[in-house]
Amino acid sequence: MQIDTDLIAALDIVEDVKRVSEPYKKANRKFHPEDTVIEVGNVRIGDGSLVMMAGPCSVETESQVVEVAHAVKASGAQMLRGGAFKPRTSPYAFQGLGQEGLRLLSLAKAETGLPIVTEMMDASQFEYFDDVDVIQVGARNMQNFDLLKVLGAQDKPVLLKRGMSATYQEWLMSAEYIMSKGNKNVILCERGIRTFETHIRNTLDLAAVPALKQITHLPIVIDPSHATGRSDLVPPMALAAIAAGADGLLIEVHNDPARALCDGPQSLDPEQFDVLAGQLRSMHDLMNTMEV
Ligand code: PEP
Ligand code: MN
């Protein structure tokens, strides 16, 4: 049935009528023209500032995570990332320290004051996440609808990674699952998608940043580490992400990448991260001077 919008607009109590064909409503910019700004302690994501979330792929030991936390903080990162529950392709690979990993992240947070972002793989882990500031949903779980519903019914911000072969609409519908349960604090994270190219771990879809900004008000961050799988490709892609208008970055940093239990080849060491953080600030300043 075709609804006559003129007829509805003519009603006294109606100010404006918009036809919305997209199935995502709460994430849709048409219903919410202002950018969503998400507050994590005194960090604001989506307000035009540059947010750097950095840390190891996996929490391994107390000294590792505390050392990396201090280093990335000194370089200007505002949040500490680190995996405790790890989704690994092989059941024989290191699966993360689980609850113990969360305890070590809390220690690093207490030492540095950096808020924590870490992945929840299953809603049954929720009870351990009290001290976690941002809950990550991994690429493999983007369409774990039961997990999304549980995260929608609580109020911690959720970093929602794009599934490996998810369209923008599928990704936004996953955000919608969270938002429709009441939690409006969703941060989108592009981490590379699966294409026919095999030379690089994944294909970073940077056009997602300006394209999504048109259709959604949610902030978007880029993860150049999983997108490329190679530490030498992380700096150019991180800089390009800021040029494209990303609200932040999620970057893997390890104090000894060669011995990392997970994702060493894509991890920057603290010195490399320090150089990149300075370059990112320069790029962010440059973009602020331009009308784009
Ligand atoms: C991670 O951030 O460590 C991770 C496993 O990411 P993804 O879900 O993007 O593979
Ligand atoms: Mn990783």
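User: What are the ground rules here?
Analyst: The model is predicted, so local features need pLDDT of at least 70, side-chain atom pairs count only at pLDDT 80 or more, and totals for chains, interfaces and linings use all residues. Residues are numbered from 1 along each chain as its sequence is written, chains are lettered from A and ligands numbered from 1 in the order in which they are written, and side-chain values use heavy atoms, with hydrogens and water left out.

User: Is Cys57 buried or exposed?
Analyst: Buried, because its relative accessibility is 2%. The cut-offs: buried is under 20% relative accessible area, exposed is over 50%, and partly exposed is in between (1.4 Å probe, protein chains only). His226 is buried too, at 9%.

User: What is Cys57 in contact with?
Analyst: Beyond its neighbours within four places in sequence, Cys57 touches Arg81, Gly82, Gly83, Lys86, Glu252, Cys262 and Asp263. Contact means heavy atoms within 4.5 Å.

User: And Asp263, where does that sit?
Analyst: In the loop between β10 (248-252) and α9 (270-289). Asp263 counts as buried because its relative accessibility is 18%.

User: What about its phi?
Analyst: Asp263 has a positive phi of about 60°, although it is not a glycine. Most residues other than glycine have a negative phi.

User: Switching to ligand 1. Which residues come nearest?
Analyst: Of the 13 residues around ligand 1, the nearest are Arg81, Lys86, Ala139, Lys161 and Arg191. A residue is near if one of its heavy atoms lies within 4 Å.

User: Which polar atoms reach its oxygens?
Analyst: Among them, a polar backbone atom of Ala139 is 2.8 Å from an oxygen atom of ligand 1. A polar side-chain atom of Arg140 lies 2.9 Å from an oxygen atom of the ligand. For Lys161, a polar side-chain atom lies 2.8 Å from an oxygen atom of ligand 1.

User: How much of ligand 1 does the protein cover?
Analyst: The protein covers 97% of the 300 Å² of accessible area that ligand 1 has on its own. Accessible areas come from the Shrake-Rupley method with a 1.4 Å probe; for residues, only the protein chains shown count as cover.

User: What does Met164 touch?
Analyst: Leaving aside neighbours within four places in sequence, Met164 is in contact with Ala139, Arg140, Arg191, Ile193 and Arg194. Met164 lies in the loop between β7 (158-161) and α5 (168-180). C-alpha to C-alpha, Met164 and Ile193 are 4.6 Å apart in space, though 29 residues apart in sequence.

User: How many aromatic pairs are there?
Analyst: The count is two. Rings of Phe, Tyr and Trp (its six-membered ring) pair if their centres lie within 6.5 Å; planes under 30 degrees apart count as stacked, over 60 as edge-to-face and the rest as tilted. Phe85 and Phe129 are stacked, 6.2 Å centre to centre with 20° between the planes. Phe85 and Phe129 are both buried.

User: Why is the pair of Phe145 and Tyr177 stacked?
Analyst: Because the ring centres of Phe145 and Tyr177 are 4.5 Å apart and the planes are at 25°. Phe145 is in helix α4 (residues 145-152) and Tyr177 is in helix α5, 32 residues apart. Phe145 is partly exposed at 32%, and Tyr177 is partly exposed at 30%.

User: Last one. What does the Ser75 side chain pair with?
Analyst: The side chains of Ser75 and Asp274 are joined by a polar contact of 2.8 Å. That term means a pair of N or O atoms within 3.5 Å; within protein, one must be able to donate a hydrogen and the other to accept it, and residues adjacent in sequence count only if both atoms are side-chain atoms. Ser75 is in the loop between α2 (62-74) and β4 (79-81), and is buried at 4%.

Conventions. Helix = DSSP H or I, 4+ residues; strand = E, 2+ residues; numbered from the N terminus.
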